[in-house]
Amino acid sequence: MSQENQPQLQRNLKTRHLTMIALGGSIGTGLFLASGGAIAQAGPGGALLAYAAVGIMVYFLMTSLGELATYMPESGSFSTYATRFVDPALGFALGWNFWFNWAITIASELVAATLIIKYWFPDSNSFIWSVLFLGIIFFLNYLSVKGYGESEYWFALIKITTVIIFLVIGVMMIFGILGGSEHAGFIGFDNFTIGDAPFHSGFFALLGVFMAAGYSFQGTELIGVAAGESDNPRESVPKAIRQIFWRILLFYIFAIFVIAMLIPYTDPNLLKGDVTDISVSPFTLVFEKAGIAFAASVMNAVILSSVLSAGNSGMYASTRILWVLAKEGKAPRFLAKLSKRGVPINALILTSAIGMLAFLASFFGDGVVYFWLLNASGMCGFIAWLGIAISHYRFRKAYVKQGHKIEELPYRARWFPFGPIFAFVLCLIVVLGQWLPELNAEAPQLANFLMPYLGVPIFLAVWLGYKIKHRTKVIPLDECKFD
């Protein structure tokens, strides 16, 4: 078959798809569930400060990725950029790290979905629900990239609509328009000053929330993968990035502000929010205060769509990165096969097989498997962010050194070199500081120190193994390839 007749990735993603993919990847359980725990742990001021700081870091990472993805839209993004501008060994490790992260995310999100569905069907079998949800996600990705884009658009729209309704109702409650006699008139900032608020439990509590906020924002980098199948990346990627950051920051910061205004951080229900108990999501608590009796069921449905959205995005991202690795000779060649619709079919099947790890939930207990899967992949997202910052810094330096003009870039990240350096340092603090909150625990345990770092030895082994075997070196700036 000639090169012209071979199946290719289809550039069918529009700007609206890219925007919703990044929004859908970052607005989920981190906002709907973890935000309550953040307020309870560090107080309203601590939660707002931590999420704002991580939001700024993500902004610089997004602009760095935007400059790279607009100039060189590649579905392999992180792996390709690091290979060209840093070190092929780093590109290899980042590619497999990204695949592992999202492949395991599929499994963990399927486990979460079975936990959520048991709100309505408490005695049902986890195995059946895992098969059903995995089948849905596989089918949406098997159809075409447009099928994935459209499904993710509507998944994200459900979440965004819920947040907007929540913010409107919350503001009305703050001003005493909703909520009955107990909320007659403006509430004021009493909940911001109760106890030792606005900053509760000091530095270690703030640091702990800072770490949690980092997990909440993961998923925004999916736009780098999706850019490889965008119909007009030089126009749609910058436009999507400009919209994404402000919307995410508005949704997170404003939502946490509304929750903190209406619910004191001392409310014990804030600490209980997780996938096994949707009735105490901070969103549910606020809706119930507003007199919406079916709030728990509504939020249960929204959070179910959120975890399916994350699983859907995980399937898309991991199959694309695995396809690129195979195309570049860094994974078995059979994984580079594309269907007639331009879908990496063998990579999709293999990644779905990893998603079947979720089936273990029906044998070993849902919560246990979910906990281990989550910890195994948790650090991988931060490693990918570090890779983005390093790759962009080296890209810009090499671009200038080889005589190119900055004005020729279709999209330029602001505040270079401060942006990628700031993002790198702050992200590194998150990575190295994962164990610090445990020091503040009443009875620190070694397992809790080591658990967050389960993915790091795997990454280092892959990186150093490839480097030693192929004897790769850091690429000199004047030898970086821009074709």
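This is a predicted model: local features need pLDDT of at least 70, side-chain atom pairs count only at pLDDT 80 or more; totals for chains, interfaces and linings use all residues.
When its neighbours within four places in sequence are left aside, Ile-223 is in contact with Leu-18 and Ala-22, with Met-62 and Leu-65, and with Val-237, Ala-240, Ile-241 and Ile-244.

## Aromatic pairs and a cluster

A search of the whole structure finds 34 aromatic pairs. In the pair formed by Phe-92 and Tyr-466, the ring centres are 4.3 Å apart and the planes stand at 20 degrees, so the pair is stacked, the cut-off for stacking being under 30 degrees. Phe-92 belongs to helix α5 (residues 88–117) and Tyr-466 to helix α21 (residues 455–470), so this pair ties together parts that are 374 residues apart in sequence. Phe-92 counts as buried because its relative accessibility is 15%, and Tyr-466, with a relative accessible area of 17%, is buried as well; the cut-off for a buried residue is under 20%.

An aromatic cluster is formed by Tyr-59, Phe-60, Trp-415, Phe-418 and Phe-422.

Tyr-393, Ile-421, Val-425 and Ile-429 make a nonpolar surface patch of about 320 Å². Helix α18, which covers residues 418–432, gives the most to the patch, with three residues, whereas Tyr-393 is found in helix α17 (residues 380–401). Tyr-393 has a relative accessible area of 31% and is therefore partly exposed, since that class lies between the limits of 20% for buried and 50% for exposed.

## Arg-333 in a loop

Arg-333 is placed in the loop between α13 (295–327) and α14 (345–355). Because its relative accessibility is 55%, Arg-333 counts as exposed, the limit for that class being over 50%.

Once the neighbours within four places in sequence are set aside, Arg-333 is in contact with Ala-326, Lys-327 and Glu-328. The C-alpha atom of Arg-333 is separated by 10.0 Å from that of Asn-346, a residue that lies 13 residues apart from Arg-333 along the chain.

Conventions. Residues are numbered from 1 along each chain as its sequence is written. Side-chain values use heavy atoms; hydrogens and water are left out. Patches are made of residues with over 30% relative accessible area and no salt bridge: like charges are joined within 9 Å, nonpolar side chains (Val, Leu, Ile, Met, Phe, Trp, Tyr) within 5 Å. Accessible areas come from the Shrake-Rupley method with a 1.4 Å probe; for residues, only the protein chains shown count as cover. A salt bridge is a side-chain nitrogen of Lys or Arg within 4 Å of a carboxyl oxygen of Asp or Glu. Helices (H or I, at least four residues) and strands (E, at least two) are DSSP runs, numbered from the N terminus. Buried means under 20% relative accessible area, exposed over 50%, partly exposed in between (1.4 Å probe, protein chains only). Contact means heavy atoms within 4.5 Å. Rings of Phe, Tyr and Trp (its six-membered ring) pair if their centres lie within 6.5 Å; planes under 30 degrees apart count as stacked, over 60 as edge-to-face and the rest as tilted.
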